[in-house]
Amino acid sequence: MSRHDRRTTLKRRVAAVAEDWLGRALPDAERWTRASLVRCRGPYCLRCGHSSPQRYSVREGCPVCIDRRGVLDGVCRVGRYRGGCAQLVLALKFRRWWELARPLGSRLAWSVRAERGADCLRGAVVVPVPMPLIRRWRRGIDHAALIGREVASAGGAAYYAAMWRSRGAGQAGAARSTRLRASSHGWHLHLKAPSRLRGREVVLVDDVLTTGRTARIASRLLKQAGATSVTLAVVAVTDQSPDIGYKIEG
Ligand SMILES: [Zn+2]
């Protein structure tokens, strides 16, 4: 073996060891997502996202939401917020493992298409639930926006970060911006360009649905802007809350 061949062989070996080492240090996001979701999927209520008491998904409502009117036109989810599914959300959100957004977003797009129709994302607008700027800066990641982009990309939909969120009184602004602003418990949601949503079907994307308060307010705002329907798409839904997404709306 010539000197050149020995050097090439050595280079290949070093590359293989480095790849192996990096492969262990950075586990594959797709594989980890697949393994983590095994026990977290299951039938659910397509109206409120709560796990279904039946062995199949229910469309007409479950005991949690059957008697309630809501501003959301449906909820799609990947799984319930527990075990591996919760770990995925926490790893994306707090450990900034942004590579998880792609496998989670593609699975969420699959759920939306499975429940709302194969072509439902074409022509729709994907809008992420906004995060306060200060929190975005502290965390260094906007997980809902990342997942939203992947949902839009996987489903052939448009992506538009239509809302922003502020704290405090926020009284500055004209009458029109006041009309297109919704408030709750010291924070406000604002719409950027309502005309881009008029007559469009909107898929509102977030990571976890807990009380559903933010989703309700965002949905009301989007409909004021002219959205024909608002479907909430979330990675996970907690089953503890009895109020998910469907409290009485005026
Ligand atoms: Zn329900």
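## Strand β6 and H190

H190 sits in strand β6, which spans residues 187–191. Helices (H or I, at least four residues) and strands (E, at least two) are DSSP runs, numbered from the N terminus. H190 counts as partly exposed because 19 C-beta neighbours lie inside 10 Å. A residue is buried if 20 or more other C-beta atoms lie within 10 Å of its own, exposed if 12 or fewer, and partly exposed in between, with C-beta atoms placed from the backbone. From C-alpha to C-alpha, H190 and R165 are 6.2 Å apart in space, while 25 residues separate them in sequence.

The model is predicted: local features need pLDDT of at least 70 and side-chain atom pairs count only at pLDDT 80 or more, whereas totals for chains, interfaces and linings use all residues. Residues are numbered from 1 along each chain as its sequence is written.

## The chain as a whole

The chain contains eight helices and eight strands. Of its 250 residues, 38% count as buried. Two residues are in contact if their C-beta atoms, placed from the backbone, lie within 7 Å. Among contacts between residues at least 6 apart in sequence, 76% join residues at least 24 apart.

## The sheet

Five strands form an open sheet in the order β1-β8-β7-β2-β3, with parallel pairing. Two strands pair if DSSP finds at least two bridges between them.

Strand β2 covers residues 125–128 and pairs with β3 in the parallel sense over two bridges. β2 also runs parallel to β7, joined by four bridges. V125 stands opposite A158 in β3 and opposite V202 in β7. Both faces of β2 are covered: V125 and V127 are buried on one side, V126 and P128 on the other.

## Helices across the sheet

Helix α4 (residues 101–116) lies across β1, β7 (201–209) and β8 (229–237), at about 130 degrees to β1. Helix α8 (residues 213–224) lies across β2, β7 and β8, at about 165 degrees to β7. Axes are lines fitted to C-alpha atoms, for helices over the stretch in contact, and angles run from 0 to 180 degrees between N-to-C directions.

The axes of α4 and helix α6 (residues 143–155) come within 8 Å and cross at roughly 55 degrees. The two helices, α4 and α6, are therefore oblique to each other; angles under 35 degrees count as roughly parallel, over 145 as roughly antiparallel, 65 to 115 as roughly perpendicular and the rest as oblique. Residues of α4 that meet α6 include L104, L108 and V112, and those on the α6 side include L146, I147 and V151.

## The nonpolar core

The largest nonpolar core has 63 residues, of which V202, V203, L204, V205, L222 and A233 touch the most other members. Strand β8 gives the most to this core, with seven residues. Such a core is a set of buried Ala, Val, Leu, Ile, Met, Phe, Trp, Tyr and Cys residues joined through C-beta atoms within 7 Å. Leaving aside neighbours within four places in sequence, V203 is in contact with V112, L121, A124, V126, V151, A157, T231 and A233.

R96 lies in the loop between α3 (83–94) and α4. R96 is not a glycine, yet its phi is positive, at about 55 degrees. Most residues other than glycine have a negative phi. R96 is partly exposed because 13 other C-beta atoms lie within 10 Å.
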